[in-house]
Amino acid sequence: MQDQDTSVSASPDALRQQLQQIGLELASVEMMADRPATALSDLVAAAATASAGGPPEFAEALSLARAWASGGRGPLSAEARGRFALWHGWMEQAVTAWERGRSLPAWPADLPRAEPSPRPAPPRGAGAEQTVPLLPGGIDADMMQLFCTDCEDFLRDIEQGVLVLEERPDDPETLNTVFRAFHTFKGNAGMLKLVVLQRVAHELESLLDSARRGQLRIGRPEIDVVLAGADLFSRYVTAVSDRLGGRQTADSVALPVPAVIDAVQAVLARRDVAPPPAASRGTAKPMPPAEPPAGLMTVETSSIAASAEPTPEVAVAVDPATASAGPAAALRQAAASGSVRVDTGKLDGLIDLVGELVIAQSMVTQNPAVSGAADEQLARSLAQLRSICSELQRTATALRMVPIRGTFQKMGRLVRDIAVQLGKEIRLVLDGEETELDRSVIEEIGDPLVHMIRNSADHGIESPAERLAAGKPAGGTITLRAYHQGGFVVVEVTDDGRGLDPARIRRKGVERGLIRADEHLSDREVLDLIFAPGFSTAERISDVSGRGVGMDVVRRNIERIRGKVEISSTPGLGTTFTVFMPLTLAIIEGLLVAVGDQRFVIPTLSVRESFRPQPGAVSTVQGRGELVTVRGRLVPLLRLDRHFGIQSVFSDPSEGIVIVAEAGQETRCLLVDSLIGKQEVVIKSLGETFPPGRGFAGAAILADGRVGLILDTTALVRIRNHTTETAA
Amino acid sequence: MTTLPTPATGPAIAAPGKYLTFTLGQESYGVPVLAVREIIRLCPITPVATMPPHVRGVINLRGKVIPLIDLRLRFGLPAAEEHDRTCIVVTQVASAAGGTRPYGVIVDGVEEVAHFTAADIEPPPDFGGAVDARFITGMAKAASGVKVLVDLDLISAAESATLELPSADKPSTVS
């Protein structure tokens with residue numbers, strides 16, 4: 001039976017590699033008493049193939065071992081494990097002897113040659129969990145930290161890859177990516193002696209390996225299994241991170257390891273009865289499914305034998321497909337081309353210094369002693385210095401920029417989960433994932449995106465039946481698109497669902513007391529209501545969305561990063577959320593204004609317009625409050641000089657400049673002495689000495705090296721009239 | 001119930017070691033030299049409105065925005081004309097978020113770095129409420145006179161605390 005495939009000539013090397021695999025498996029069987037012997041059985045079968053043509057004792061020993069593994073049904077008994085250990089020792093010696101042409105060692109005396117009667121395995125509880133140590137002995141915290149960081153990357157690859165596989169189950173490149181992720185994960189886990197996790201990774205790796213060799217077709221059950229495995233790792237990584245970060249004190253975490261392994265093996269078991277695929281080799285002879293080609297196994301085992309170092313070279317060598325295009329491959333290649341993880345504190349320090357360098361450079365260039373010099377050589381050198389400085393500044397700023405891809409890819413998983421949960425068919429289309437944004441903006445956009453996508457998937461996309469009735473395809477589509485527009489990054493979430501019904505939202509708004517029944521609102525203003533706190537259009541409270549929190553949080557989070565969100569919808573055709581975000585939180589474009597002898601920066605995003613008021617355009621109310629007529633509307637005026645207690649150069653508003661600032665729906669005119677210009681500034685925090693909410697959003701180093709304060713327009717617009725007068 | 005309330009909550013006594021001493025008017029003060037990052041000349045100050053007078057504003061220290069406190073005003077001394085010996089001592093104080101943060105103080109002039117032994121340092125005397133002794137950690141006897149040792153961590157922490165007060169008298173009623 002074990003001699004099915006005689007095309008593989010027996011060699012001591014191949015057999016030894018199989019024995020190494022068996023040794024690994026035995027070690028994990030030792031760790032997990034209830035682990036079924038399926039993998040062991042498969043390995044023994046593979047070893048039998050490798051030993052074909054060898055001494056007859058091998059065939060005997062292997063068939064004996066196969067019997068002990070009882071065909072993989074149920075876990076090994078303690079006695080069987082002991083027998084296997086002895087057997088394994090003998091086999092290793094025997095292989096060496098065979099290789100050197102010596103006579104085989106004697107069969108161990110206490111190892112029965114007869115087949116013992118198999119014992120029924122005790123049934124296992126379905127919810128069994130395995131405890132995994134968070135800080136394995138002999139491994140320091142830094143190593144674990146590194147492990148966690150790596151794993152996050154792998155998990156992202158896995159999740160993203162699996163979602164691609166759901167669409168294109170045969171995509172060889174994605175199969176390779178996911179396989180490699182598990183493979184490297186296995187290696188890393190092995191290095192840290194996390195044998196249990198290593199096992200799980202090994203099982204999943206085998207599953208992916210079968211798939212990429214065409215022995216298994218990836219379908220929903222397979223994907224569920226892979227995702228369950230990824231979740232298990234993710235739980236472990238989170239637990240380790242929490243432990244390292246001091247957020248939890250437990251030294252181990254219980255994970256549903258047996259359940260995942262069972263699930264993988266159930267899937268793999270089905271593979272055996274699947275019809276053999278049309279092998280790419282083009283030979284008529286079917287390969288035994290459990291026996292992978294020797295070449296591939298060589299690479300795998302050697303990487304395990306080499307203390308399972310996570311060497312990307314090995315993975316690359318195995319998979320020439322890496323070189324092909326595609327986001328996953330590009331990511332891999334970026335990693336291979338040598339990226340460095342840098343502490344953000346260091347990065348910010350560098351960017352600060354570069355900013356200073358640029359200022360120092362302009363101070364030197366503009367110094368009369370230098371700018372007045374007639375030396376042509378000096379002028380050329382200064383011009384070169386200037387161009388290098390500005391190039392350096394651009395490069396330094398670009399360091400913080402990362403593609404939005406990672407955030408988008410997380411949404412793929414979210415959509416899939418929601419679709420499964422709600423019994424809908426939803427396809428997520430990603431566009432513009434390579435759009436780059438500042439890291440801190442990307443961190444802030446994650447939560448709002450989750451809320452918007454939940455909203456689209458839950459409320460927007462209809463059930464398949466409903467869609468068919470409306471003459472639409474049964475599967476809905478959510479499109480996530482990112483692109484640059486002006487100085488902003490725009491992210492759109494579009495669904496082709498039922499759209500928002502203004503009449504219904506209006507009714508709900510009245511019900512919730514958000515608007516009066518007779519209030520006149522445009523459709524756009526009505527749609528805006530869904531961002532109001534406590535508004536939820538869901539008829540029922542669902543697990544996915546509709547808890548009445550969400551959309552108001554979306555608007556708040558986006559406004560916090562100085563962005564804005566808009567909504568548009570066509571009933572029956574779908575809804576689009578459009579989010580405008582600054583490229584970076586570190587730099588804003590601002591209007592530089594003067595008030596007395598001080599200069600302030602007003603963020604351009606919140607400035608609607610600015611003008612010099614005509615004499616008489618400012619009217620006084622009760623001798624105190626002042627109003628300006630802006631395009632026929634009366635807008636309250638805040639004199640910044642009075643508000644900040646600064647001696648202004650004039651008192652008549654018509655000598656100054658009025659800046660119309662807006663925050664949300666509110667508008668206020670700010671009176672300043674003059675406009676100096678438009679400038680991009682790097683935002684710096686004012687620090688603990690200055691509490692927030694005093695009208696300053698931060699500070700910026702201006703071109704002459706002085707500090708200019710950035711006005712918090714939201715606070716100034718929303719300030720109460722009363723306060724203005726107290727300050728005046 | 002006979003104890004006076006002022007020194008009861010005072011800071012711990014200053015530890016022996018090296019201190020940077022500086023003058024404020026006729027008086028001489030000292031801060032632990034380990035808390036001092038650098039001493040710089042006066043530079044253009046950007047005032048921050050709505051802050052108490054002793055918070056002079058912010059300055060640019062090589063690309064970092066740091067707060068600047070006038071220690072004279074902080075200790076209730078009269079304001080003084082700035083002269084060429086006036087300088088900024090940039091110190092590191094404890095940050096509420098953990099770690100340290102830069103904190104600049106304006107002083108009339110820097111004297112020296114002096115070593116004070118435990119025998120040199122006496123606990124702050126009871127001023128009977130006439131002097132704000134909250135930030136004084138000891139009195140050091142030096143050849144040139146008595147140095148008042150102060151704790152900048154306490155001063156900077158109290159900064160944020162006192163700042164909460166003015167907001168209370170800000171009306172927040174809808175007009």
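I take helices (H or I, at least four residues) and strands (E, at least two) as DSSP runs, numbered from the N terminus. The model is predicted, and I kept its limits in view: local features need pLDDT of at least 70, side-chain atom pairs count only at pLDDT 80 or more, and totals for chains, interfaces and linings use all residues. Residues are numbered from 1 along each chain as its sequence is written, while chains are lettered from A and ligands numbered from 1 in the order in which they are written.

**Entry 1: Val717(A)**

I looked up Val717(A) and found it in helix α23 of chain A, residues 713-718. I call a residue buried if 20 or more other C-beta atoms lie within 10 Å of its own, exposed if 12 or fewer, and partly exposed in between, with C-beta atoms placed from the backbone. Val717(A) is buried because 21 other C-beta atoms lie within 10 Å. For contacts I use C-beta atoms, placed from the backbone, that lie within 7 Å. Leaving out neighbours within four places in sequence, I list Ala661(A), Glu662(A), Ala663(A), Glu666(A), Thr667(A) and Arg668(A) as contacts of Val717(A). I also checked Ser606(A): it is 111 residues from Val717(A) in sequence, and the C-alpha to C-alpha distance is 9.9 Å.

**Entry 2: chain totals**

For chain A I count 24 helices and 20 strands. Of its 728 residues, 38% are buried. Among chain A contacts between residues at least 6 apart in sequence, 71% join residues at least 24 apart.

Chain B has three helices and 11 strands, and from the N terminus on I read the order α-β-β-β-β-β-α-β-β-β-β-β-β-α. Its 175 residues are 33% buried. In chain B, 57% of the contacts between residues at least 6 apart in sequence join residues at least 24 apart.

**Entry 3: nonpolar cores**

A nonpolar core here is a set of buried Ala, Val, Leu, Ile, Met, Phe, Trp, Tyr and Cys residues joined through C-beta atoms within 7 Å. The largest has 74 residues, and those with the most contacts inside it are Cys669(A), Leu670(A), Leu711(A), Val58(B) and Val150(B). Strand β19 of chain A (residues 696-701) gives the most to this core, five residues. I noted a second, separate core of 46 residues, which includes Leu192(A), Leu197(A), Leu255(A) and Val267(A).

**Entry 4: a sheet in chain A**

I traced an open sheet of six strands in the order β12-β16-β17-β15-β14-β13 (chain A), with mixed pairing. Two strands pair if DSSP finds at least two bridges between them. Strands β12 (607-611) and β13 (618-621) of chain A are at the edges with a single partner strand each, so one side of each has no neighbour in the sheet. The twist averages 35° from one strand to the next. β13(A) and β14(A) (residues 625-630) run antiparallel and are joined by four bridges; Val621(A) stands opposite Gly625(A) in β14(A).

**Entry 5: a helix pair**

I took α3 (residues 56-68) and α4 (residues 78-99) of chain A, which pack at about 160° with axes 11 Å apart. Axes are lines fitted to C-alpha atoms, for helices over the stretch in contact, and angles run from 0 to 180 degrees between N-to-C directions. Angles under 35 degrees count as roughly parallel, over 145 as roughly antiparallel, 65 to 115 as roughly perpendicular and the rest as oblique, so α3(A) is roughly antiparallel to α4(A). The contact includes Ala61(A) and Trp68(A) of α3(A), and Phe84(A) and Trp87(A) of α4(A).

Technical notes
Two residues are in contact if their C-beta atoms, placed from the backbone, lie within 7 Å.
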